[in-house]
Amino acid sequence: MNPLRKQRLYALIAVLIGSLLATWLVVSALSENMNLFYSPSEILEAGIDENVLIRAGGMVKQGSIEKSKDSLNVRFTVTDYQNELIINYEGILPDLFDENAGVVVRGNLRTDGSFQAIEVLAKHDENYMPPEVAKLIEAKE
Amino acid sequence: MGSPPLFYRWSSKIMPWLGILAIIFLSAGLFWGLLIAPTDYKQGDVYRILYVHVPSAILGQSIFMFMAACGLINVVWRAKISGMMLKSAAPIGMSFTLIALVTGSVWGKPTWGTWWVWDARLTSTLILFFIYAALIGLYSSIDDKTKADRAVSILSIVGLAIIPVIKKSVDWWQTLHQPSTFTLTSSPSMSPDMYQPLLLCVIGFYLIFAFTLTLNLRNEVIDRERSKNWVKQIFVN
């Protein structure tokens with residue numbers, strides 16, 4: 001390669017490294033803020049004030065969903081398999097909301113340590129399969 | 001292939017084949033995916049939008065990497081055709097990124113319960129869309145085509161840093177978007193009768209890109225070389 005081209009190539013590599021470095025700095029400076037939600041453990045550790053709007057997320061604990069019979073009130077437990085958080089919500093739940101499925105809720109902590117949600121989003125996992133396969137897996141377990 | 005007249009002649013022969021192959025792969029993939037593939041155990045039929053969403057997202061990112069490669073060749077070797085290629089690929093990549101954002105949003109409403117959420121995957125993809133827009137804007141703001149080529153070449157190299165962020169966003173941070181179904185290290189967490197049609201769609205989308213890129217590039221070549229003899233010869237005869 002002739003010297004001029006080599007020089008241009010090195011300059012471009014420097015530009016790319018600079019850009020990657022800048023992106024990395026921005027991303028690491030934002031690090032925690034880049035997370036969409038807190039896990040129940042993080043909420044316990046952080047000691048977040050009530051009335052601060054936050055998002056919490058985790059798995060819906062099996063057998064924890066209590067639906068009110070005469071209103072849209074619902075109460076369920078979100079777990080990260082270390083700590084748990086009780087969620088209160090009034091409204092329509094997304095179709096994919098279920099036990100042992102991921103969920104992200106937005107709202108604030110209450111004085112009794114439970115969480116008052118104003119929005120519930122279902123988190124989908126990376127698994128896709130036909131219903132027959134899902135039944136087979138369930139039967140095996 | 002580096003010289004414009006050679007490219008023009010060579011592309012006339014290859015273009016129809018690219019078009020035919022694209023139609024075959026895409027119609028087979030979409031027919032199989034949308035009508036024959038089984039429904040999902042959890043999402044039902046809504047999941048089928050991935051046969052458009054996933055290939056568009058893949059293309060949105062690969063086209064940017066392709067453009068950065070063109071940019072590198074353009075800056076280092078000053079090959080004219082690579083600059084035209086970069087310029088011709090930009091609107092295609094931007095369109096695919098937009099399709100990925102819109103189809104993702106349409107899928108998100110029934111599945112997650114919201115059209116949009118500012119999580120790392122969605123936000124970084126939106127940034128990619130804006131980088132495409134910036135690139136096209138920068139190109140059209142410079143009159144001298146050679147200078148415009150060089151400016152967007154450097155911007156494409158700078159913008160390349162967003163690609164690993166998009167790719168790894170679902171692993172580095174907690175997001176609403178699910179982690180990758182397909183990874184190099186483990187077998188895909190999707191049943192084969194669902195991912196086989198997806199594979200056809202991805203190939204079909206790449207072929208559409210190749211076809212539209214050739215189409216755009218031929219226009220660009222004729223436009224820039226219009227005062228040259230070889231162009232006059234084509235259009236006089």
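Me: How many residues of chain A are in contact with chain B?
Reply: Keep in mind that this is a predicted model. In it, 33 residues of chain A are in contact with 37 residues of chain B.
Me: Which parts of chain A supply that side?
Reply: Helix H1 (3–30), strand S6 (115–123) and helix H3 (131–140) of chain A each give at least two residues to the side that touches chain B. The largest share comes from H1(A), with ten residues.
Me: And what's that side like by class?
Reply: The side of chain A that touches chain B has 21 nonpolar, six polar and six charged residues.
Me: OK, switching to domains. Which ones does chain A have?
Reply: The domain assignment gives domain 1 (3–32) and domain 2 (35–123) for chain A. Their centres, taken over C-alpha atoms, are 41 Å apart.
Me: Now chain B. At what angle do the axes of H3(B) and H4(B) cross?
Reply: Helix H3 (residues 80–111) and helix H4 (residues 120–141) of chain B cross at roughly 150°, and their axes come within 9 Å. Angles over 145 degrees count as roughly antiparallel, so H3(B) is roughly antiparallel to H4(B).
Me: Left-handed or right-handed crossing?
Reply: Left-handed, as H3(B) passes H4(B).
Me: Which residues meet there?
Reply: From H3(B) they include Lys87(B), Met94(B) and Leu98(B), and from H4(B) they include Leu126(B), Phe129(B) and Tyr132(B). By class, the contact of H3(B) with H4(B) has 14 nonpolar, three polar and one charged residues.

Notes: Residues numbered from 1 in each chain as written. Chains lettered and ligands numbered in written order. Predicted model: local features only at pLDDT ≥ 70, side-chain atom pairs only at ≥ 80, totals over all residues. Axes fitted to C-alpha atoms, helices over the stretch in contact; angles between N-to-C directions. Helix = DSSP H or I, 4+ residues; strand = E, 2+ residues; numbered from the N terminus. Parallel < 35°, antiparallel > 145°, perpendicular 65-115°, else oblique. Left-handed = near helix turned anticlockwise from the far one by under 90°. Contact = placed C-beta atoms within 7 Å. Nonpolar A, V, L, I, M, F, W, Y, C, P; charged D, E, K, R; others polar. Domains from an automatic or database assignment.
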